[in-house]
Amino acid sequence: MTLTQWFVFFLIVQIVHFAGTWKLYEAAGRKRWEALVPIYNAVVLMKIINRPTWWTILLFVPVINLIMFPVVWVETLRSFGKNTTLDTVLGIATLGLYIYYFNYTQELNYISDRSLIPTNKTADTISSLLFAIVVATIVHTYVMQPYTIPTSSLEKSLLVGDFLFVSKFHYGARTPMTAVSLPMVHDTIPLLHKKSYLKWPQLPYFRFPGLQKIERNDIVVFNWPVDTVYKFFDTSKRKADKPIDKKSNYVKRCQGIAGDTLQIKDGIVYINGKQLVLPQRAKPQYSYTVTTNGSGFDPNYLLSELQITDGIYQTAQNTFLFSALTEETAERLKNNPGVTSITRNISKEGEPAVFPQINNNWNKDNYGPIYIPQEGKTIALNSENLPLYKRVISEYEGNDLKINGNEIRINGKVATNYTFKQNYYWMMGDNRHNSEDSRYWGFVPQNHIVGKPVFIWMSLDSNGKGLNKVRWERLFTTVGGEGQPYSYFKFFLMALAAYFGITFFMNKKKENS
């Protein structure tokens, strides 16, 4: 929905509210017109139902308001003596329209001094549960979101089985665009495996100011622009049609920011003509071909010394493919007495699968140069570079793009240039030969950015057993920063022990007083 459409929709809602509640406002000693004025009518309603004024804010927070509306409907009914279970069910089941019936057909007796204390344990439990859901949803949406690493594309920096906290406020919290959605779940209802949202209506994109901008080498969580991983679906249905904020969450390292010109030469990333220097914690990996003298590998050496547990494939007699090795590990592998040579694999032939899926001889190791769109920047547009920006113009920025031979029309007008409406980023995995990233599907728009991983609170190794399943050295470590990761787990345990100790002492003191 456009801003104009939302404005009209908002006005309609105000009229509907006025028509169904103006008599209630008068019965509560307020003026009839107060039920009509947008936002102010909600402030007055909070006073009528004896709830704090700040509840008004929650009525306008996407997703949170879906929880608050039924609460306000029930509270409004109870403020006029409608306390039965049937009244509550009718108020919620009719989406508040039961108030219309009550407003016009019943004698209105306003209870100004209504008690807000729950009358029974069940009501108290429901009230506490709703409050907890509201608080948790606010934190999840605007502050911090839990996330699990599902793939090895950032192996070494982030491992499969890492449980992260992703900050929403570092890059600026994005308000939900999908207005009707279950709180604290992404696109699927757990266990039921059904959609957790309605595609309509859609709110306009808005992001609060952030603490920082996305920088090169930042690890970033974002909504995958071309939706869900294609191999999870039928090959005939490459794209799953989801709203932006319900697209699958991906995590990659930002290699290029808006305005950069990026190129990859023999697997090395260059930005604006200079090699991109990776941080110390980044461990880029590549596939290597290893030949032996026939004696093979010592499994104990591979496991204990090099920590290589998988990704080893025999391609010929005495020849093996290692799918993901760091340069350091490759150098150490040379010390194996059975190794005669080790060569990093570099793609030379063109790969039709790489973005923008045209025959230009680009591949995952030799790619570009390519300009990353920047908000407000204008580029010349022609048939040669159009494949790079076609999706940007039509899908990400919502223009009507038509092509007739060499003629390009945008929104019905012949176009020889184009000005970008938002910033874009180039995201890649550190596991260079085992990552489906921007090299295969292109740019990540600013409005797809979710947040910044900041903390690993748990890490589980699927190959471990018992206590060894937990990667203890990774617990409570930061994702970013210089040097090797440092675990703050012992400090957490100390703080937890101190909390319980102080709580126990205070309770004992209270009992003895």
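Reader: Leaving aside its neighbours within four places in sequence, which residues is I449 in contact with?

Author: With those neighbours set aside, I449 touches Y171, R174, R207, I214, V220, V221, F222, Y425, M427 and V444, contact being heavy atoms within 4.5 Å. This is a predicted model, in which local features need pLDDT of at least 70 and side-chain atom pairs count only at pLDDT 80 or more, while totals for chains, interfaces and linings use all residues. Residues are numbered from 1 along each chain as its sequence is written, and side-chain values use heavy atoms, with hydrogens and water left out.

Reader: Let's go to α2: is it largely enclosed or open?

Author: Helix α2 is largely enclosed by the rest of the structure, because seven of its nine residues are buried. Buried means under 20% relative accessible area, exposed over 50%, and partly exposed in between, with a 1.4 Å probe and protein chains only.

Reader: Which ones are buried, and what covers them?

Author: The buried residues of α2 are N41, A42, V43, V44, L45, M46 and I48, and their cover includes α1, α3 (55-58) and α4 (64-78). Just after α2, N50 takes a positive phi of about 60°.

Reader: How do the axes of α1 and α2 cross?

Author: The axes of α1 (residues 3-27) and α2 (residues 40-48) come within 12 Å and cross at roughly 35°, where axes are lines fitted to C-alpha atoms over the stretch in contact and angles run from 0 to 180 degrees between N-to-C directions. On the α1 side the contact is made by Q14, H17 and Y25, and on the α2 side by N41, V44, L45 and I48.

Reader: What about α1 and α6?

Author: The axes of α1 and α6 (residues 98-105) come within 8 Å, with a crossing of roughly 40°. There V16, A19, G20, T21, W22, K23 and L24 of α1 meet I99, Y100, F102, N103 and Y104 of α6.

Reader: Switching to the backbone, where are the cis peptide bonds?

Author: One joins F355 and P356, with omega about 10°, and P356 is in the loop between β13 (339-344) and β14 (367-371). Another joins G368 and P369, again with omega about 10°, and P369 lies in strand β14.

Reader: Which residues have a positive phi although they are not glycine?

Author: L191 is one of them, with phi about 75°, and this residue lies in the loop between β3 (188-189) and β4 (194-195). N318 is another, at about 70°, in the loop between β11 (312-316) and β12 (319-326).

Reader: How do L191 and N318 count by relative accessibility?

Author: L191 counts as exposed, at 79% relative accessibility, and N318, at 28%, counts as partly exposed.

Terms used:
Helix = DSSP H or I, 4+ residues; strand = E, 2+ residues; numbered from the N terminus.
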